[in-house]
Amino acid sequence: MSSMPRLVVAAPSSGSGKTTVATGLMAAFAARGLAVSPHKVGPDYIDPGYHALATGRVGRNLDAYLCGPGLVAPLFLHGARGCDLAVVEGVMGLYDGAAGEGELASTAHVAKLLRAPVVLVVDASSQSRSVAALVHGFASWDPQVRIGGVILNKVGSDRHEWLLREALESSGVPVLGVVRRAARVDTPSRHLGLVPVAERHSGAVDAVAEMAAQISAGCDLDALLALARGAGPLPGAAWDVAAELASAGHGSGTGRDDGAGRPAGSAGGRAPVVAVAGGAAFTFSYAEHTELLTAAGAEVVTFDPLRDERLPEGTSGLVIGGGFPEVYAAELSANEGLRKSVAELALGGAPVAAECAGMLYLCRELDGQPMCGVLDATARMSERLTLGYRDAVAVGDSVLAVAGTRMRGHEFHRTVVEPGAGPAPAWGVRTPARRVEGFVWRGVHASYLHTHWASEPAVARRFVESCRGS
């Protein structure tokens, strides 16, 4: 049972100002000396980078689709260990969840799982009295969702504020903040959302400071903190990476042992070195992946494919997550030494796990620029956005899973890989149409799907054991 003070920052729709308010609150409370735990509902990788700048702690995701509802509270408590306050930024509109799945993975769903009060951020720029009807509707839609207060965003003047406050007096929902219409905070976007922190660190620092200033000036931080402290107890224990691995076995989603019969870290000799791609081109990763790899017995070493000309010394396994290789195609291609190093590792049969951007990097070329040439495929930018949750099953055995392993994933890209699957595909996917996608070749597992390994710790264990045998 935990009494962790907590708030969920939500909105009626995307574009209302959730990220500005949530990040600003995190930074403002951190400036008061509080240890703030930052969280993001859904699979988004970019917002947590700004949260990390605001708090000095790793931003973590809470996704009831990828990980299942039962893991939301444990992962939340794991991330919030030792903190004074947790702030959770929602996704889309408050009640928007996985398509066709009701409330599943919505901000409202996560708020209920966390038993957390919700602060509703309302874009008031084009309304006055109607704001009361909007807030009343959101507050009464689901009695299990507690709207603890509203922050009015993009308010134009003193009179506009007075009209809004008067309208909301009878709603029963207190106004906890008013943020004036101001020059937009410098948070540039491109084809997949905000530009990640790693690509504009100094600019991102300034943007977070501006968010904190706006929120501190316009919001009642004491009232917001009191609301968070009144969240009440949250039953259950924090996610424990060692315990999860101990119960996961070595195989697939069934949790069955694959016959090796060894606990993590039991093999003799030094820990296998698992190189994890980072830097500006590969910014998409979940903190729990590195924690799982480490707990499974690996020595995790981060490298930057834009700068490092060779893989880390002694690399026996490689993880390349998502990001924006299309933005850096020329620079990645110019680093011929690293491309050859990656190709040699893969050709030798070492375990390689690549998701989305990682798969593009392994192709022969990306937008005409030579890449690693590990996969017999080419990649290019596309005008079409591919976006959504996926149910997937492993088509055959790989370094990540045995055939039949079921996992849930998320696709988010504006690129096309041709062909979309190799002779041995990685996953069979329902989207809802059924198809196969990705590549399994030697020790390589490459796919468009972003997955969250906390939902299936056996993936990390199997990968590390494969590194020991490579």
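Modeller: In this predicted model, two strands count as paired if DSSP finds at least two bridges between them.

Colleague: OK, what makes E13 and E21 a pair, then?

Modeller: The cut-off is at least two bridges, and 4 bridges join E13 (residues 352-355) to E21 (residues 444-447). That makes them paired, and the two run parallel. Within this pairing, alanine 353 stands opposite histidine 445 in E21.

Colleague: Which order do the strands of the open sheet follow?

Modeller: The order is E11-E10-E12-E13-E21-E20, 6 strands with mixed pairing.

Colleague: Why are E11 and E20 said to stand at the edges?

Modeller: Strand E11 (299-303) and strand E20 (439-441) each have a single partner strand, so one side of each lacks a neighbour in the sheet. On average, neighbouring strands here are turned by 15 degrees against each other, direction ignored.

Colleague: What makes you say that H12 packs on the sheet?

Modeller: Contact means heavy atoms within 4.5 Å, and helix H12 (residues 336-347) touches E11, E12, E13, E20 and E21. Its direction makes about 110 degrees with that of E12. Helix H14 (residues 458-469) packs on the sheet too, touching E10, E12 and E13, at about 145 degrees to E12.

Colleague: How do you know that the buried residues of H8 are on the same side?

Modeller: Leu221, Leu224, Leu225, Leu227 and Ala228 are buried, meaning under 20% relative accessible area. They cover an arc of only 155 degrees around the axis, so they lie on the same side of H8.

Colleague: And which residues are exposed on the other side of H8?

Modeller: Asp222 and Arg229, with exposed meaning over 50%.

Technical notes: Residues numbered from 1 in each chain as written. Predicted model: local features only at pLDDT ≥ 70, side-chain atom pairs only at ≥ 80, totals over all residues. Heavy atoms only, no water. Axes fitted to C-alpha atoms, helices over the stretch in contact; angles between N-to-C directions. Buried < 20%, exposed > 50% of the residue type's maximum accessible area, 1.4 Å probe, protein only. Arc of directions from axis to C-beta.
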